[in-house]
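User: Hi, I've just opened this one and would like a quick tour. Can we go through it together?

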Amino acid sequence: MPSDITTGIIGFAILLVLLAIRVPVGTAMLAVGAGGIWFLHPRGEVAVFATLAGETFSVSSLYSMTILPLFVLMGNLSGVSGMSRDLYSAAHAWFGHLKGGLASSTIVGCAGFSALSGSSLASAVTMGRVAIPEMKRFHYSDSLSTGSVAAGGTLGILIPPSAGFVIYAILTEESIGRLFMAGVLPGLTLMGLFIAAIMIQVSRHPELAPDALPKVSLPERLRALARARWIIGIVVITVGGIYGGVFSAVEAAGIGAFLAFVATLMRGAFRWPEIKKAMGDTLASTATTFYILMGAFVFTPFVALSGIPDALSGWVVSLGAGPYTVLIICLLALVVLGTFMEGFAILVLTLPLLQPLLEGYGFDMIWFGVLMVIVLEMGLISPPVGINVFVVKGIAPDVPMNTIFRGIWPFWFAMAAMIILLILFPQIALLLPNSMFGP
């Protein structure tokens, strides 16, 4: 009914206003979703309380959700134990002799840490604390050093394990394991594009980075790699175990968290105040994510009741636009949303609308999940919000914001190039999940 669609549009407008005034995402979605169901459902009050009770319990009791706290804990423990510093030192030993090598080492370090934490913010904070002082010591430009940390951190929601993929899987009812495998090759490719962006920058503007450092001998490189054996081993066991079918994604999270705890003990880094802080940060991060999902699971029935998804699909079909035209319009809209909204908010707000539309055009939702996560990565470094940029600003308070934003643009265009590659060659994302699970 038109009145239902109007109510839905009003609901979306209220939600955007609430988000704009910094109401927590979970609270905003719970309030709008509950109010909308009360207004639209024939049994109003009964339907609202049934939805609130049923959906919030459903989210909090999902077995697949146990993956989030376990991988977050694994990443936090790797920071406490010093494994992240060893990883950066190994990358430095192998890439530091290149022009712009410390910036490239930062990208590689962020990619490696991403395979433990699953969080872009954790990757940016942890590697930034190690890398930015080192690049300052060797007189790298502020724009290149901060830009490489902010961009490298975004790999945290693409390279598995990825919190973004977990949320996407739960909202779309896709396989977490397939999404994790779909992120591997695009993640490595994007890492390569970031390094290429650094090389192009320092070749065109040599003043951005000092002359190449002396080349480290092969024995010293191998020793640096050996010092990083714990973090490399945990990544190989968890991601390799998923790909090899030895255990599921949830089991991999448990094994990874246990191994990270063992590594902390074996390295003599078990200090109760830091362990307590790591566990507290894990609980806080997990609770925030669960609350957002609870809000999304209440908001989604309201969207369905309003009839907006069907109306949107019908409107798009009436335009006569081809499938890829629709896809590009959706991606551009997500890029615009990413400039002023947080990534998880975009996921839970747009997927109830986009999934039925894109499935109607026959698009693979695993492949689209990778595209969407990369678009969310672009939002993490796009002005004016650019959460990763503000994180880096906290690490380097003496660097002006406009300098940091200036440093991220080459990486932003590298992400745009990655999206084009995925549209032209979907197998970059689908090769591993199809080879493991079948088409």
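Predicted model: local features only at pLDDT ≥ 70, side-chain atom pairs only at ≥ 80, totals over all residues.

User: Thanks. Is Thr146 buried or exposed?
Analyst: Thr146 is buried, with a relative accessible area of 1%.

User: And what is Thr146 in contact with, leaving aside neighbours within four places in sequence?
Analyst: With those left out, Thr146 is in contact with Ile132, Val392, Ala396, Val399 and Ile404.

User: What's the angle between α8 and α20 where they pack?
Analyst: About 60°, and the axes are 7 Å apart. Here α8 covers residues 142-153 and α20 covers residues 401-424.

User: Why do α8 and α20 count as oblique, then?
Analyst: Roughly perpendicular starts at 65 degrees and roughly parallel is under 35 degrees. Their angle is about 60°, so α8 and α20 are oblique to each other. As for handedness, α8 passes α20 in a right-handed crossing.

User: Which residues make that contact?
Analyst: From α8 you have Asp142, Ser143, Thr146, Gly147, Ser148, Ala150 and Ala151. From α20, Thr403, Ile404, Arg406, Gly407, Ile408 and Phe411 take part. By type, the contact of α8 with α20 divides into 5 nonpolar, 6 polar and 2 charged residues.

User: Nice. Switching to backbone angles: what's the phi of His139?
Analyst: His139 has a positive phi of about 65°, although it is not a glycine. His139 is found in the loop between α7 (120-137) and α8, and at 65% relative accessibility it counts as exposed.

User: What about Glu173, where does that lie?
Analyst: Glu173 lies in the loop between α9 (163-172) and α10 (176-204). Glu173 also has a positive phi, about 60°, without being a glycine. With a relative accessibility of 72%, Glu173 counts as exposed.

User: Okay, new topic: the largest nonpolar core. Which residues touch the most other members?
Analyst: That core has 153 residues, and the ones touching the most other members are Ile67, Leu171, Phe180, Phe194, Phe299, Leu347 and Phe368.

User: And what does Ile67 touch, not counting residues up to four places away in sequence?
Analyst: Ile67 touches Val166, Ile176, Phe180, Ala249, Val250 and Ala253.

Methods: Residues numbered from 1 in each chain as written. Heavy atoms only, no water. Core = buried A, V, L, I, M, F, W, Y, C linked by side-chain atoms within 4.5 Å. Buried < 20%, exposed > 50% of the residue type's maximum accessible area, 1.4 Å probe, protein only. Contact = heavy atoms within 4.5 Å. Axes fitted to C-alpha atoms, helices over the stretch in contact; angles between N-to-C directions. Helix = DSSP H or I, 4+ residues; strand = E, 2+ residues; numbered from the N terminus. Parallel < 35°, antiparallel > 145°, perpendicular 65-115°, else oblique. Left-handed = near helix turned anticlockwise from the far one by under 90°. Nonpolar A, V, L, I, M, F, W, Y, C, P; charged D, E, K, R; others polar.
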